Amino acid sequence: KKKLQSFKIPQEISSLFRHRFSHLDAESLDLLKIFALSGRPMSREILEKITSSSSEILIDRLNILKKSGYIGEDFSKQGWFYLIHTSLNEIIENILEKNEKNIFHQKIASGLLSCCQSASIPHGEIGMHFFKGGNKENALPHLLESAKQSALAYSHHKALQYYQICMDLIS
């Protein structure tokens, strides 16, 4: 299992995916980046908030990504989509510049925040996207709330992780 976790995707495979990405339009590629950086299945409602796209345009982009074999639809939860190949996360992260990653993490955090109560998005997830996007001010309250919730749920290790991130943010 450790060997699999430390396995790096060969450069040839990354190059092949980069070539395949070049055939996508900019909006579809941005949507794929959102899936990769979020690291989670997403509902159409959440994706609309993150992308600020109309439902019709978003559905067109989702269909392009489904036909290209990048995402799948979760038929047990209508309107939910997921990245088919988890290795795409690493490939896309390696393609993106730091500034572009920050922008996408900010978009993801803001979109998740606007859906937070209706879709029961954990504060830690929102906080981590703000943190990865370089927005310490918005990350801190969400990470503190998640640390508090983890401690109350007797998940002390998780609480300590969130508190440590908070300490790093304020120091």
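What share of the contacts in the protein chain with a separation of 6 or more comes from residues 24 or more positions apart? Such residues account for 53% of these contacts, where contact means heavy atoms within 4.5 Å. The model is predicted: local features need pLDDT of at least 70, side-chain atom pairs count only at pLDDT 80 or more, and totals for chains, interfaces and linings use all residues. Residues are numbered from 1 along each chain as its sequence is written, and side-chain values use heavy atoms, with hydrogens and water left out.

The protein chain has ten helices and three strands. These are DSSP runs numbered from the N terminus, with helices (H or I) of at least four residues and strands (E) of at least two. Along the sequence the pattern reads α-α-α-β-α-α-β-β-α-α-α-α-α. Of the 171 residues, 39% count as buried (under 20% relative accessible area; exposed is over 50%, partly exposed in between; 1.4 Å probe, protein chains only).

The three strands form an open sheet in the order β1-β3-β2, with antiparallel pairing. Two strands pair if DSSP finds at least two bridges between them. In general, strands of a sheet pair through backbone hydrogen bonds. The edge strands, β1 (42–43) and β2 (71–74), each pair on one side only. Two bridges join β1 to β3 (residues 80–83). M42 stands opposite F81 in β3. Helix α5 (residues 55–67) packs on this sheet and touches β2 and β3. The direction of α5 makes about 110° with that of β2.

K66 lies in α5. With 30% relative accessibility, K66 counts as partly exposed. Leaving aside residues up to four places away in sequence, K66 touches I71, E73 and F81. K66 and L83 are 17 residues apart in sequence, and their C-alpha atoms are 9.4 Å apart.

Helices α9 (residues 136–152) and α10 (residues 156–170) form a further packed pair. Their axes come within 8 Å and cross at roughly 155°. Axes are lines fitted to C-alpha atoms, for helices over the stretch in contact; angles run from 0 to 180 degrees between N-to-C directions. The crossing angle therefore makes α9 roughly antiparallel to α10 (over 145 degrees). The crossing is left-handed: the near helix is turned anticlockwise from the far one by less than a right angle. Residues in the contact include L140, L143 and L144 of α9, and Y162, Y163 and I165 of α10. By class, the contact has 13 nonpolar, three polar and three charged residues. Ala, Val, Leu, Ile, Met, Phe, Trp, Tyr, Cys and Pro count as nonpolar, Asp, Glu, Lys and Arg as charged, and the others, Gly among them, as polar.

How values were computed: Parallel < 35°, antiparallel > 145°, perpendicular 65-115°, else oblique.
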